[in-house]
Amino acid sequence: MQRKRIAVVPGDGIGKEVIPQALMVIQASGAPVDFTEFDWSADRYLKDGTTIPADGFAMLARDFDAIFVGALGDPRVKTNIHAKEILLGMRFQMDLYANVRPVKLFDASLCPLKNVRVEDLNFTVIRENTEGVYMDIGGVFKQGTPDEVATQEDINTRKGVERIIRFAFDYARANRRKKVMMTDKSNVMTYAGGLWQRVFQEVAAEYSEITPQHMFVDALCLQMIREPQSLEVIVTNNMFGDILTDLAAALQGGLGMAASGNIHPSRTSMFEPVHGSAPPLAGKNVANPMGSILSAAMMLAHLELRGEAERIESAVIDAVREGRRTQDIGGSMGTREVAEWIAKRVTA
Ligand code: NAD
Ligand code: IPM
Ligand code: MN
């Protein structure tokens, strides 16, 4: 197989610590990949004003098979402009319309809920990744006065809604899942919700072996806590997907455990842990590297390196079950020590 080219953007904070560890684990797996690192981050922005170079997105799409990102966000950059331009820039400009966030429990001890077994928590959130309130369309009027008005538009296109719903059904089919649940707030947001409802019914009719379901997003939050075993594939808009996946991350042991892929099925896609740059943890060798390592495994599977991906995921499961853990999930090991243990297990 031809070697795969991976662009690596560690970013800020703990991104700079967990990403090198995940790269070491990929290398230990023997996957035929080459890394090229880019320093796009708060440090770079504060040094010379660069967020991402002018041809950055075109270069990534042209020269790489996948992108691996840590986290972006730094208290020194109050506007968060670099994170918006780099991270949301990749998602929007590269049209990575499906944000795939699997939710799996590797050991019952990681779940904060009572009586949840490993097999009870295994669902995936498919989050629309290019539209919604994230498009930053809106404005303010009479700013700073008692009469101030602020608007923030929720953009939902027929094309965008249809392709994410279709992606969710295709994902369910490919992963032999039997149910796809669309979640929205169509009882209040009637225009956008109406579009999602109509398109969901139309697309669902093409997948006769999959049961379509619907819940309002507030009720789904309750369901996710009370009966997580009932969930298989959830499809939703950008904002609800963002919120639901932090809640879902808590069920699997916290943000340190959650992985994601930002995918366009026929373009260079991007993989990143769900967590942010966690400034208070940065530089202390305490951040959990598992979310990044699991994101690396998702990336390898996406690049058809399935054997390597599976070995990495099972090494993470072994690490969790054998207590090789960082503090956030009840252990006492450091970022590097956990990753080194996993790398060794992958090599063995
Ligand atoms: P965060 O994910 O950085 O942290 C939230 C909580 O989870 C904190 O308690 C943190 O200590 C903990 N946590 C996160 N990752 C962890 C890990 N690997 N191991 C152990 N504990 C971990 O979210 P935040 O505090 O809301 O945001 C901090 C910065 O990160 C902000 O600038 C924000 O905009 C940015 N951010 C970036 C991304 C991204 O790049 N994808 C995602 C979320 C937040
Ligand atoms: C995520 C993050 C981002 C988002 C932020 C950092 C812009 O929270 O990836 O979940 O809201 O999508
Ligand atoms: Mn988020």
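Q: What counts as a disulfide here?
A: A pair of cysteine sulfur atoms within 2.5 Å.

Q: OK, how many does the search of the whole structure find?
A: It finds 0 disulfides. This is a predicted model, where local features need pLDDT of at least 70 and side-chain atom pairs pLDDT 80 or more, while totals for chains, interfaces and linings use all residues. Residues are numbered from 1 along each chain as written, chains are lettered from A and ligands numbered from 1 in written order, and side-chain values use heavy atoms, without hydrogens or water.

Q: Is Cys-111 buried or exposed?
A: Buried (under 20% relative accessible area; exposed is over 50%, partly exposed in between, with a 1.4 Å probe and protein chains only). Cys-111 has 8% relative accessibility, whereas Cys-221 is partly exposed at 27%.

Q: Switching to pockets: which residues lie nearest the centre of the largest pocket?
A: Pro-102, Tyr-171, Asn-175, Met-298 and Ala-301, out of 29 lining residues. A pocket is an open set of points on a 1 Å grid over the protein atoms alone where a 1.4 Å probe fits, with protein on both sides within 12 Å along at least five of seven lines; lining residues have an atom within 4 Å of a point.

Q: And which element gives the largest share of that lining?
A: Helix 9, with 5 residues. Helices (H or I, at least four residues) and strands (E, at least two) are DSSP runs numbered from the N terminus.

Q: What about the second largest pocket, who's closest to its centre?
A: Asn-80, Leu-87, Leu-88, Arg-91 and Tyr-134 are the closest of its 28 lining residues. Helix 4 gives the most to this lining, with 6 residues. Strand 3 (66-71), helix 8 (238-251) and strand 12 (269-273) are among the elements giving two or more.

Q: Now ligand 1. How many residues surround it?
A: 20 residues, counting those with a heavy atom within 4 Å. The closest are Leu-72, Gly-276, Ser-277, Ala-278 and Asn-288.

Q: Which side chain sits 3.3 Å from a nitrogen atom of ligand 1?
A: Glu-272, through an N or O atom. His-275 also has a polar side-chain atom 3.4 Å from a nitrogen atom of ligand 1.

Q: What does Ser-277 bring to an oxygen atom of ligand 1?
A: A backbone N or O atom, at 3.1 Å.

How values were computed: A polar contact is a pair of N or O atoms within 3.5 Å; within protein, one must be able to donate a hydrogen and the other to accept it, and residues adjacent in sequence count only if both atoms are side-chain atoms.
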